[in-house]
Amino acid sequence: MTALVGHDAQAGTLLAAARGDRMHHGWILAGPRGIGKATFARAAALRLLAEAAGNPLEGQGLSVPQDNPTRSLIAADAHPDYAELFCLEKESGTARNISVDQVRGLHRLIQSAPTFSSRRVVVIDSADDLERGAANALLKTLEEPPPGMLFLLVSHAPGRLLPTIRSRCRTLRFDPLDDDAVRTVLRAQDPPVDQQEIEALVRAGEGSPGKALRYAGLDFAEIERTLASIAAEGDPGNRQRLILAKTLSAKAARPRYEAFLERVPSFIADMARRRSGADLGKAIDHWEAARQLASGAIILSLEPGSVAFELSGHVAALAARHG
């Protein structure tokens, strides 16, 4: 199980509710993608089941000792009071949705008595991926939950969930992590990430370790250095823009190109935050143009070199020397 970093306040809220007289049976863990909500849900399930089983645990967070029997059972996918729903792997790739059959597969857990304590926990990662029939099947259980049943629903966009599901759950909101927390996650990776790359990934991740890790191994520090240079000097003669266009148009560079598409609009947004008045309006115009180009580049099969050249041109247009 991946170690949880941050979200101490949310852990305190959930544990306080669990140790009170009336624990709500459904919780929506809401926040941006990649900030650790699913890791939190699994850590919370482990801690709550371990506590309910009567194993003495120290500390106020969600940590559980490595030799705890509850941890061993969950790690072996053998805990009878725990279940997790996620998009399954198929021969053609990962399924796009959590199916109604997966939700119906919870029947044994829901209908039988808990084995080790009075508590049972289901983690759904993510509830956004529930197909319509699956969402309706889950709603029936949320309407009449058995005693001691707890659902932890990870959601990146809770507004898209069925209103009836939202109304039967408490919402626990998660914010992006601070830079130090993202650094902690990146430093724990194997193989390790060098310090220069870590700093580039922290900036690109914008509080999301998951987003930062998608860029790991792509020499993202070099992309950041090039964008920073273009932003500072305006790239007279277009030399750096042409280099970007050439390096990102190669077939083997597709992952770096896709990372570049994600990063440039947010890089321009960072520039915009330091401006005001007419300069701010100009920056917003370039951000919007870059966002539209980047979001449509893959769908429309646009030529990567041309896209890279044009996107970096929006950065150059806002360079310090050009006001």
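Is L302 buried, partly exposed or exposed? L302 is partly exposed, with a relative accessible area of 31%. On the classes used here, buried means under 20% relative accessible area, exposed means over 50%, and partly exposed is in between, with a 1.4 Å probe and protein chains only.

Before going on, the basis. This is a predicted model, in which local features need pLDDT of at least 70 and side-chain atom pairs count only at pLDDT 80 or more, while totals for chains, interfaces and linings use all residues. Residues are numbered from 1 along each chain as its sequence is written, and side-chain values use heavy atoms, with hydrogens and water left out.

Back to L302. This leucine is found in the loop between α14 (277–297) and α15 (304–316). Helices are DSSP runs of H or I with at least four residues, strands are runs of E with at least two, and both are numbered from the N terminus. Together with I299 and L300, L302 makes a nonpolar surface patch of about 320 Å². Patch members have over 30% relative accessible area and no salt bridge; like charges are joined within 9 Å, and nonpolar side chains (Val, Leu, Ile, Met, Phe, Trp, Tyr) within 5 Å. The areas come from the Shrake-Rupley method with a 1.4 Å probe, and for residues only the protein chains shown count as cover.

Helix α14 also holds Q292. At 48% relative accessibility, Q292 counts as partly exposed. Its C-alpha is separated by 25 Å from that of I35, 257 residues away along the chain.

Next, the strands. Start with β1, residues 26–30, where five of five residues are buried. Which residues cover the two sides? G26, I28 and A30 are on one side, W27 and L29 are on the other, and all are buried.

β1 has two partners on the slide. Two strands count as paired if DSSP finds at least two bridges between them. With β6, residues 149–155, β1 runs parallel over five bridges, and W27 has L152 as its bridge partner there. With β7, residues 170–173, β1 also runs parallel, over four bridges; here L29 is partnered by L172.

β6 is joined to β5 as well, in parallel, by five bridges. β5 covers residues 120–125, and five of its six residues are buried. β5 also pairs with β2, residues 82–86, in the parallel sense over five bridges, with F86 opposite D125.

Now helix α13. This helix runs from residue 254 to 272, 19 residues, and reaches 28 Å from first C-alpha to last, close to the 27 Å expected at 1.5 Å a residue. The expected span is 1.5 Å times one less than the number of residues. Where is the kink in α13? A kink of about 30° lies at R263, shortly before the proline P265. The bend at a residue is the angle between axes fitted to the seven residues ending there and the seven starting there. Of the 19 residues of α13, 14 are buried, so the helix is largely enclosed by the rest of the structure.

That leaves salt bridges. The cut-off is a side-chain nitrogen of Lys or Arg within 4 Å of a carboxyl oxygen of Asp or Glu. How many turn up in the whole structure? The search finds 17.

Take R214 and E262, whose side chains meet at 2.7 Å, N to O. This pair links distant parts of the chain, 48 residues apart: R214 is in helix α10, residues 209–215, and E262 is in α13. R214 is partly exposed at 46%, and E262 is partly exposed at 35%.

The pair R225 and E222 meets at 2.6 Å, N to O. Both lie in helix α11, residues 220–233, three residues apart, about one turn of the helix. R225 is partly exposed at 37%, as is E222 at 32%.

Then E258 and R254, with closest N and O atoms 2.9 Å apart. These two are four residues apart in α13, so about one helical turn separates them. E258 is partly exposed at 36%, and R254 is partly exposed at 38%. Elsewhere on the list, salt bridges that share partners join R203, E224, R263, D270 and R273 into one network.

That is the end of the talk.
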